Amino acid sequence: MIKIRFMGSSLKDLKAFPETARCEAGFELREVQKGNQPRDWKPMSSIGVGVKEIRIKDERGIFRVVYVVQYLERVIVLHAFQKKMQKTAKKDLDLAKKRLKLVLEEV
């Protein structure tokens, strides 16, 4: 199973999700680590090539986990947040882009 890395406050943010959303996010990230696709996801090409978003909905709202798999060596979680509007907020997209840039600079 490939390793997982959380950028910035993404682990803390994910841990702040309500329990059901947090458990679902954990399950989905484990599936990604195994090389499988999450049940509900979409590509986030506006952030960068290969970036995907896990989509979670529970009774307390809509949650997102933005990640990229880097050369099949590591799952890198760029951002985890609660979605408040239909369209993803610019600040959330910008933060994920900033964190992706940091990852790419390490390569």
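How many residues has α2, and how far does α2 reach from its first C-alpha to its last? Select α2 (19-33): it has 15 residues and reaches 21 Å, close to the 21 Å expected at 1.5 Å a residue. The expected span is 1.5 Å times one less than the number of residues in the helix. Helices (H or I, at least four residues) and strands (E, at least two) are DSSP runs, numbered from the N terminus.

Before going further, note that this is a predicted model, in which local features need pLDDT of at least 70 and side-chain atom pairs count only at pLDDT 80 or more, while totals for chains, interfaces and linings use all residues. Residues are numbered from 1 along each chain as its sequence is written, and side-chain values use heavy atoms, with hydrogens and water left out. Colour by pLDDT, the predictor's confidence in each residue, from 0 to 100. The protein averages 93, and 97% of the residues score at least 70.

**Around α2**

Within α2, show the side chains of Ala21, Ala25, Glu28, Leu29, Glu31, Val32 and Gln33, which are buried (under 20% relative accessible area; exposed is over 50%, partly exposed in between, with a 1.4 Å probe and protein chains only). Their cover includes β1 (3-6), α1 (10-15), β3, β4 and β5.

Next, select the strands. They form an open sheet of 5 strands in the order β1-β5-β4-β3-β2, with mixed pairing. Because β1 and β2 (41-43) stand at the edges with a single partner strand each, one side of each is left without a neighbour in the sheet. Two strands pair if DSSP finds at least two bridges between them.

Select β3 (51-58) and β4 (61-70) together; a hairpin of 2 residues joins them, and their antiparallel pairing runs over 8 bridges. Along this pair, Ile56 is the bridge partner of Phe63, Glu53 stands opposite Val66, and Lys52 is partnered by Tyr67. Tyr67 also has a bridge partner in β5, namely Val77; β4 and β5 run antiparallel and are joined by 9 bridges. In β4, 8 of the 10 residues are buried.

**The cores**

Which residues have the most contacts inside the largest nonpolar core? Select Leu14, Phe17, Leu29, Ile54, Ile56, Val65 and Tyr67 within this core of 14 residues. A nonpolar core is a set of buried Ala, Val, Leu, Ile, Met, Phe, Trp, Tyr and Cys residues joined through side-chain atoms within 4.5 Å. The elements giving two or more residues to it are α2, β3, β4 and β5 (74-83), and α2 gives the most, with 4 residues. Apart from this core lies another, of 13 residues, among them Phe81, Ala96, Leu100 and Val103.

Finally, centre on Ile54. Leaving aside neighbours within four places in sequence, its contacts (heavy atoms within 4.5 Å) include Glu28, Leu29, Pro38, Trp41, Phe63 and Val65.
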